[in-house]
Amino acid sequence: MSSRALRKLQGKTHQEIDPLSVVSHDSEEDSDSTKNDESTNRKSKKNKHKKNVPLNPFELLEAEDNDQEVLNEEETLQAEQPENQADTRKKKKKKKKKQKEKTNKVVDEDFEASLKLAEGADNADVNGDIPASTPITQNMRALLFVEHKNLNPDNEMRRIFGSRVVQGENSRRQRQQRGRTRQRVSWLTTPRDNWPPMGKTGLTMSFLETRGGCQYFTFEHSQSYQDVEFQFYDAVESLNPQNIANIIQLHPYHVAALLQLSEVFHMGEDAQASAELIERALLSCELSFHPLFSLTTGTTRLDFKRSENRPFFLTLFKHLAIVGQKGCYKTALEFCKLLLSLEPEMDPMCVLLMIDFYALRAQEYSFIVRLYQEWEAHRNLTQLPNFAFSVPLAMYLLAINQEEDSSKADTMLQESLLMFPGMLQPLLDKCNINPDPQVSSHAFFGPDSQYSQPPALKQLIGLYIGRCYSCWKQPEVLEWLERNVKVVLQRVDNKDSMVEQCRIKRLSRYQGTPRNILRHILISEIKDATAALPPDIANTTVLSYDPLPPLDSVCGYNRPERPRAVEDAGALSTFFRSLLPNFNVDEPAAAAGAAGGQHGNDLRQGIGVLMDAMRDLLNNIRPVDVPRDNQGDNPENDGNDDIEPGEWD
């Protein structure tokens, strides 16, 4: 069977054609095209008129039979006419050349059409069409377009350290894991051979609808996966990590359990084990994708309000943070675009608060500028302090690299300093820079600028400084910052009207922190931001597998009611659990019930009566007033007299 037929059989449509795969298979297609020139011509003509007709697998078998018939006919002609071999070879060469031109023409047309569909959204006219004469460039790709090769951190490690280092590390792992079961290939992570074999987990994805040019999907849990989910909830409430480990031992690819145990390893400062569990959770989600779910186009959507979808959001967030800590900023940026494309309007994980950092570290300055230019009108990105300072920084670094004028960057930085004066002093302190006496003594950038800003703005500033301060430590960047700070001081001294306008906006806009920003701060674990969290959030119990779920959360199924003895155990159960983490009120009753007979039911009822009696006893306990005599009022009593036994009665 030809390579084109294999690709069609595997469901690779024209929109997913890779230029590298087209080039690599040209030679194979040429050899196949000479064998079935008549059938290929008929198919190419039909495909031009019937591009939307679904593929019939039986046509591939028919095409293969036609290929075999053509081969048999050629062998028969060669056997019957050996004297005309030279003429036959000449005819074959001519047919090869003509067929190659026709095949390349068809491939080019299909490839250009796929590029127009996938990348031409920015240059489309009112009807969404792209002019045929418009050349397709890199800038015409969708803003959130993701490349598969950039999702693998090993590719970036090869660019940084060289292929020999990465290849040597991979070969060492292969030697250690020799003889173990090979895992399936995935795009989001690299499965390891020591992982348990991947089977049916019960986690699936279904297609919901197509709306506004986007495809909406949702994860679904089978009945068996729901049962494991209920067991996981019980294990979390037991406050014993060993119970979660037991669930993973039986169900090694349960996403929520992997996330929770990963947090346990993270708190124990075992970063390697924590990262490996996150990768396993990511693999479990990827292998349950719907066939139409695409990672690259930026048009696939997941609803964060559905509890079944939220583990995938959290897994992507933690994975990109781990990849970024390894120095693979380009890979982390691609994961940011992928996570943002799942729900760009609501942005439940607040990817916009960190995508600028990874773009700066990856030296993707043009991406930040383009994101600001396209989204500022409807998202007001400059209201976020990270974009207010990262965009002019990207403009300045881009102007330096291209040897252009940086006046636009200067103007935007000055406006950002006027809007957020409380950013300067903490940023310089984090960079270990002593400001100029003229700056430190001025009231505009003094302590009053930090005390007068709202708490919500203080959280955003602390988040940006704790994450992006390293981008401002370059000598040329500090000189550029100092030059613009002096210009801002002159504008303040000259009573510029923009100073008062910015003060009014600063006090009126940041009147509360949205729930998604609080979720982002809690997961990021940046001390400069967590220190400014409100007390009601800082003292709230946050579940690692589902931090701060939305208030309008939706779930496809409900958790069954727990037994009354366990649900209403009260203070006595909490006391025993604090002493013995493995304590379970229901275990004696369960053991007796397993033994059978009326004795188990009687024991369960007896435990329930006992718990009710203990609950009433604890609720009715009142302090007893101790009778006092007049000895305490006697000044001659020095407090050293012995107390008679009957005085406490």
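Visitor: How many disulfides does a search of the whole structure find?
Guide: A disulfide here is a pair of cysteine sulfur atoms within 2.5 Å. With that cut-off, the search of the whole structure returns a count of zero.

Visitor: How far from Cys471 is the nearest cysteine sulfur?
Guide: Cys471 takes part in no disulfide. The nearest cysteine sulfur belongs to Cys468, at a distance of 5.2 Å.

Visitor: Before we go on, what kind of model is this?
Guide: Residues are numbered from 1 along each chain as its sequence is written, and side-chain values use heavy atoms, with hydrogens and water left out. Local features need pLDDT of at least 70, side-chain atom pairs count only at pLDDT 80 or more, and totals for chains, interfaces and linings use all residues: this is a predicted model.

Visitor: Is Cys471 buried or exposed?
Guide: Buried means under 20% relative accessible area, exposed over 50%, and partly exposed in between (1.4 Å probe, protein chains only). Cys471 has a relative accessibility of 6%, so Cys471 is buried.

Visitor: Let's turn to the sheet. In what order do its three strands lie?
Guide: Strands are DSSP runs of E with at least two residues, and helices are runs of H or I with at least four, both numbered from the N terminus. Two strands pair if DSSP finds at least two bridges between them. The three strands make an open sheet with mixed pairing, in the order β1-β2-β3.

Visitor: Which are the edge strands?
Guide: An edge strand here pairs on one side only. That holds for β1 (203-211) and β3 (300-302).

Visitor: Which residue in β2 is the bridge partner of Met205?
Guide: Strands β1 and β2 (residues 214-221) run antiparallel and are joined by eight bridges. Met205 has as its bridge partner in β2 Phe219.

Visitor: How are helices α7 and α14 oriented, roughly parallel or roughly antiparallel?
Guide: The axes of α7 (residues 153-161) and α14 (residues 329-342) come within 8 Å and cross at roughly 150°. Axes are lines fitted to C-alpha atoms, for helices over the stretch in contact, with angles from 0 to 180 degrees between N-to-C directions. Angles under 35 degrees count as roughly parallel, over 145 as roughly antiparallel, 65 to 115 as roughly perpendicular and the rest as oblique. The two helices are therefore roughly antiparallel.

Visitor: Which residues of α14 do Pro153, Glu156 and Arg159 meet?
Guide: Contact means heavy atoms within 4.5 Å. Across from these three α7 residues, the α14 side supplies Tyr329, Lys330 and Thr331.

Visitor: Is Asn484 buried or exposed?
Guide: Asn484 sits in helix α23 (residues 475-493). Beyond its neighbours within four places in sequence, Asn484 is in contact with Asp410, Leu413, Gln414 and Leu417. Its relative accessibility is 2%, so Asn484 is buried.

Visitor: How far apart in space are Glu229 and His254, C-alpha to C-alpha?
Guide: Glu229 belongs to helix α9 (residues 223-237) and is buried at 7% relative accessibility. Not counting residues up to four places away in sequence, Glu229 touches His221, His254, Ala256 and Tyr557. Glu229 and His254 are 25 residues apart in sequence, and their C-alpha separation is 8.2 Å.

Visitor: What is the relative accessibility of Glu269?
Guide: Most residues other than glycine have a negative phi. Glu269 has a positive phi, near 60°, and lies in the loop between α11 (255-267) and α12 (271-286). Glu269 counts as exposed, with a relative accessibility of 75%.
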